[in-house]
Amino acid sequence: TYPDSISLLVHAIVDTGNIHAGLGLYISKLLYSRIDLTKNNGLGDVLEKNILISNGCFEYFAMTRHGNGRDWWIASPKTHQNILQSYLITSNGVLDSNIQIIGPPLFDTINNLSNAYGFLAFSQDGRYLARQNTHVALWLYEFDRCTGKFLNMRSVPFDPVGKPGDGLVTDMEFSPSGQYLYILNSGANIMYQVDI
């Protein structure tokens with residue numbers, strides 16, 4: 001195992017994809033780098049860079065602490081799909097992954113568009129994962145922090161883009177209690193509060 005002075009930084013390569021095919025921006029590679037925080041007078045030194053976690057076509061990723069209080073889970077949905085992946089990251093690197101198909105197929109039949117521009121957020125206690133996609137819905141999943149499994153997916157009707165020009169969701173975050181989810185639409189200069 002790594003000493004406490006070693007940190008793992010999780011990051012991604014973002015691809016512009018094929019805008020005309022409805023892909024928009026997506027993550028093409030999920031990576032981590034290993035950093036020794038004691039080097040360079042406390043500024044740190046990168047020991048290993050761009051270690052591959054997964055190739056694919058992911059929307060975004062979010063992280064929460066494992067039930068053991070030490071390790072971490074990374075969650076990332078496949079772009080335009082009802083497939084969620086979770087990766088267990090420890091001081092030894094990525095040790096395990098889960099792939100789940102959960103919920104109905106994710107496609108916006110009204111506008112004939114796939115669900116691009118998704119955002120993810122874990123509640124601070126890691127119990128819930130929220131996934132927001134433009135023009136479709138807000139999805140909430142319960143999360144088991146010991147197994148990395150997603151459970152009891154439910155959909156909350158929510159369209160933050162009421163008319164053209166209203167902009168898109170640009171971020172979201174749970175309240176400290178986990179009761180509320182705050183969703184930011186920066187194009188319309190609006191913040192929504194959703195009671196979970």
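Predicted model: local features only at pLDDT ≥ 70, side-chain atom pairs only at ≥ 80, totals over all residues.

Biologist: What makes residues 26–36 a strand, β2?

Modeller: A strand is a DSSP run of E, at least two residues, numbered from the N terminus. Residues 26–36 are strand β2.

Biologist: How do you know that β2 and β3 pair?

Modeller: Two strands pair if DSSP finds at least two bridges between them. Eight bridges join β2 to β3, so the pair qualifies. They run antiparallel. In β3, L52 is the bridge partner of L31.

Biologist: Which order do the three strands take?

Modeller: The order is β1-β2-β3, in an open, antiparallel sheet. β1 (6–15) and β3 (45–58) are edges because each has a single partner strand. The twist averages 20 degrees from one strand to the next, with axes fitted to C-alpha atoms and angles running from 0 to 180 degrees between N-to-C directions.

Biologist: What joins β4 to β5?

Modeller: Four bridges join β4 to β5 (residues 72–77), running antiparallel. T64 stands opposite W73 in β5.

Biologist: Why are β4 and β7 called edges?

Modeller: The open sheet has four strands, ordered β4-β5-β6-β7, with antiparallel pairing. β4 (62–65) and β7 (93–101) each have a single partner strand, so one side of each lacks a neighbour in the sheet. Here the twist averages 20 degrees from one strand to the next.

Terms used. Residues numbered from 1 in each chain as written. Heavy atoms only, no water.
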